[in-house]
Amino acid sequence: MLAAVASLSVLGLTLGTVLGYAARYLKVEGNPLEAEIEEMLPGSQCGQCGYPGCSPAATALVAGEAPVTLCPPGGQSLALELADKLGVTADLSALEEKQPMIAYVREDLCIGCTRCFKRCPTDAIIGSSKQIHAVIGDACTGCEKCVDACPTECVEMHPIPQTLQNWYWPKPSVAA
Amino acid sequence: MRSSAFKLFRIRGGVHPEGRKQDTCGQPIRELPMPALLRIPLQQHIGAPAQPEVRRGDRVLKGQLLATSQGLISAPVHAPTSGVIKSIGKFPAPHASGLPVRTITLEPDGEDRWIDLDPQATPLHLEPDDIAERVAAAGIVGMGGATFPSAVKLGLRERFELHTLVINAAECEPYLTCDDRLMRERAHEIIDGIRITLHGLQVNKALVAIENNKPEAIAAMTEAARAFDEITIVAVPVRYPMGSEKHLVQTLTGKETPARSLTADIGIVVHNVATVRAIGEAVRFGRPLISRVVTVGGGAVHEPGNLQVPIGAPVEALIEACGGLREEPAKLLSGGPMMGQPLPELRVPVVKGTSGILALTTAEVASKPTMPCIRCASCVDVCPCGLLPLEMANRARNADLQGAADFGLMDCVSCGSCSYVCPAHIPLVQYFNYAKGALVEQQRAKHKQEETKRLAAARAERMERLAAAKREAMAKRKAEMAAKKAREAEAAQAAEADDAATEPTDAPVNKLAEPQVGT
């Protein structure tokens with residue numbers, strides 16, 4: 001009885017120690033593909049994809065639970081890159097329906113509470129206490145975090161304005 | 001000097017569209033009657049829009065600065081006549097999109113009074129940099145249609161070793177005759193402009209390339225250039241797109257410009273013939289670019305002709321001055337029929353790059369239904385850039401932009417020769433224009449994403465720094481509190497010791513004094 005208890009204890013301790021060290025020295029650093037995908041994502045942790053941040057989104061992408069078109073700030077180019085990386089075909093139809101939007105501060109309603117720019121993941125809103133805030137359109141990713149933060153509902157989402165700089169010819173519509 | 005024995009080189013491809021210049025090439029340039037309102041867009045050039053210098057209600061004189069250039073690649077805008085600024089707002093651009101752009105509206109007062117100019121009697125004694133400065137201040141841009149600021153081109157001599165100035169007077173687009181008329185009527189002014197430009201570039205050889213179908217212009221220019229050995233008038237064969245600068249240079253010198261680089265890389269600068277005339281006017285007389293010659297043509301116009309038009313005149317005023325419309329045009333174009341831009345409406349203004357206004361009838365447009373590609377390779381034969389239009393169009397149509405780019409999409413000059421010859425009437429060049437825009441859009445999106453990443457990282461780093469600073473402050477305060485407590489404890493001990501040693505009457509004073517030192 002005593003010999004059995006002793007031998008099992010010794011065995012358990014030895015194997016436990018070995019396993020413990022193995023866990024420490026032979027640790028797998030997550031899925032390397034996930035890290036690569038996360039590197040490709042914008043990293044603004046905006047949550048527009050429905051995941052809490054870019055890292056969980058990358059995990060879902062690798063697991064095949066999320067479509068490559070999940071990232072609105074990344075847009076079409078990112079979707080194509082992701083599809084290329086993951087070896088899937090990108091269905092861009094979902095992306096084309098969703099027009100890229102940017103935030104806009106209605107100056108007559110803004111009270112200068114500073115809440116919106118504290119939430120902005122890309123510092124795209126400038127302003128200070130009791131001063132009207134303004135959005136830098138080029139830096140805005142359209143994550144809508146500021147919309148929820150505003151106490152006077154003065155932040156609105158507008159489509160990106162078309163100018164001579166970003167206009168280009170539409171695709172010719174022909175059957176052939 | 002005219003060189004009849006000038007050795008020319010053959011370029012590949014090209015087409016021979018019907019010229020249709022006979023309606024306007026015999027008509028002398030007429031002055032357009034001053035319209036009731038001029039609308040002057042702040043962006044009539046490639047680069048950053050100009051910044052207004054005047055306010056609503058201001059009185060301005062002819063040639064007065066209305067808006068200054070912004071940044072390195074930009075051009076100022078001047079008042080085409082004297083009058084009152086009615087407004088500074090948005091107005092549809094003379095562009096296929098018809099999008100509104102910032103525009104100054106000027107109401108002419110009819111006096112047409114000039115501002116004091118700064119003429120230069122001896123422009124050839126100016127420093128080359130002064131010439132570039134005067135050209136920049138005059139708001140001169142490429143008047144062939146590309147509207148690239150000319151002063152930037154004059155500055156190329158600092159970065160490249162230049163040896164030849166080529167004057168592009170090919171005017172290969174059908175219908176257009178504005179450069180032809182300009183050469184017939186103002187040859188001496190053009191030659192003067194060429195000499196000033198040569199001096200500005202510090203180059204001593206100029207080639208003026210004129211297509212064979214303009215014998216009167218060749219004769220007039222040869223006559224005007226007779227006294228100047230450095231200027232050679234060269235008659236080049238009629239073939240579209242002879243007026244594409246890279247192909248013109250290749251015809252004249254046999255040298256091909258490397259892909260996606262400038263003709264300056266092989267030592268040559270190309271200017272349009274109307275542009276050098278404007279350079280001459282600006283440097284010798286101090287006159288800014290405020291008007292240009294425009295061909296008004298097309299079967300739907302009653303009396304086609306060439307007009308000297310103030311910048312900002314509405315297109316409808318030009319058509320009215322040419323007898324109005326014979327019928328509703330099937331297409332209204334700015335520029336030639338091969339590369340011109342459709343205009344959204346008749347109210348849009350003439351800008352510095354408007355070489356022609358064409359109102360084409362249904363018979364002239366002759367659009368036919370698109371048929372499937374039969375892979376006849378006609379487009380490959382005519383492509384002056386040596387590309388495979390059918391393969392590129394195939395990929396552009398199937399949203400494979402990268403595939404199209406791999407076939408050389410970015411080397412396409414959008415001349416439209418492929419669409420012109422396609423027996424299946426496939427809108428080839430239209431596919432390329434779309435695909436180029438979409439590719440640029442993709443690059444912009446990618447750039448934005450990289451910037452987003454940088455901004456997010458910068459924010460995370462800042463947040464981390466803030467948190468660290470907070471932690472540090474907390475730790476410092478804790479340490480101070482601990483130190484204070486320790487001192488108090490020490491003081492209390494010392495006081496107790498004192499209590500024991502000294503008279504009891506002193507003790508309260510000491511106790512009160514000690515903590516104050518600590519705070």
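Q: What is the strand order in the open sheet of six strands in chain B?
A: In this predicted model, the order is S1-S14-S13-S17-S15-S16, and the pairing in this open sheet of chain B is mixed.

Q: And which are the edge strands?
A: They are strand S1 (30–31) and strand S16 (341–342) of chain B, each of which pairs on one side only.

Q: In which sense do S15(B) and S16(B) pair?
A: Strand S15, residues 331–334 of chain B, pairs with S16(B) in the antiparallel sense, over two bridges, and the bridge partner of Ser334(B) in S16(B) is Gln341(B).

Q: Which strands does helix H4 of chain B lie across?
A: Helix H4, made of residues 178–185, lies across strand S13 (291–297), strand S14 (305–310) and strand S17 (356–360) of chain B, and it runs at about 125° to S13(B).

Q: What follows H7(B)?
A: The helix is followed by Gly254(B), which has a positive phi, near 80°.

Q: How is chain B divided into domains?
A: The domain assignment gives domain 1 as 22–342 and domain 2 as 373–488. The contact between them takes eight residues from domain 1 of chain B and eight residues from domain 2 of chain B, and on the domain 1 side these are five nonpolar, two polar and one charged by class.

Q: How many Å separate the centres of the two domains?
A: Taken over C-alpha atoms, the centres of domain 1 and domain 2 of chain B are separated by 34 Å.

Q: How many residues of chain A are in contact with chain B?
A: There are 27 residues of chain A in contact with 30 residues of chain B, and the chain A side has 14 nonpolar, eleven polar and two charged residues.

Q: Last one, where is Cys140 in chain A, and is it buried or exposed?
A: Cys140(A) is found in the loop between strand S3 (134–135) and helix H7 (145–149) of chain A, and it counts as buried because 23 other C-beta atoms lie within 10 Å, where 20 or more are needed.

Q: Which residues does Cys140(A) contact, leaving aside neighbours within four places in sequence?
A: Cys140(A) is in contact with Ile102(A), Ala103(A), Ala124(A) and Val135(A).

Key: Residues are numbered from 1 along each chain as its sequence is written. Chains are lettered from A and ligands numbered from 1 in the order in which they are written. This is a predicted model: local features need pLDDT of at least 70, side-chain atom pairs count only at pLDDT 80 or more; totals for chains, interfaces and linings use all residues. Two residues are in contact if their C-beta atoms, placed from the backbone, lie within 7 Å. Ala, Val, Leu, Ile, Met, Phe, Trp, Tyr, Cys and Pro count as nonpolar, Asp, Glu, Lys and Arg as charged, and the others, Gly among them, as polar. Domain bounds come from an automatic or database domain assignment. Helices (H or I, at least four residues) and strands (E, at least two) are DSSP runs, numbered from the N terminus. A residue is buried if 20 or more other C-beta atoms lie within 10 Å of its own, exposed if 12 or fewer, and partly exposed in between; C-beta atoms are placed from the backbone. Two strands pair if DSSP finds at least two bridges between them. Axes are lines fitted to C-alpha atoms, for helices over the stretch in contact, and angles run from 0 to 180 degrees between N-to-C directions.
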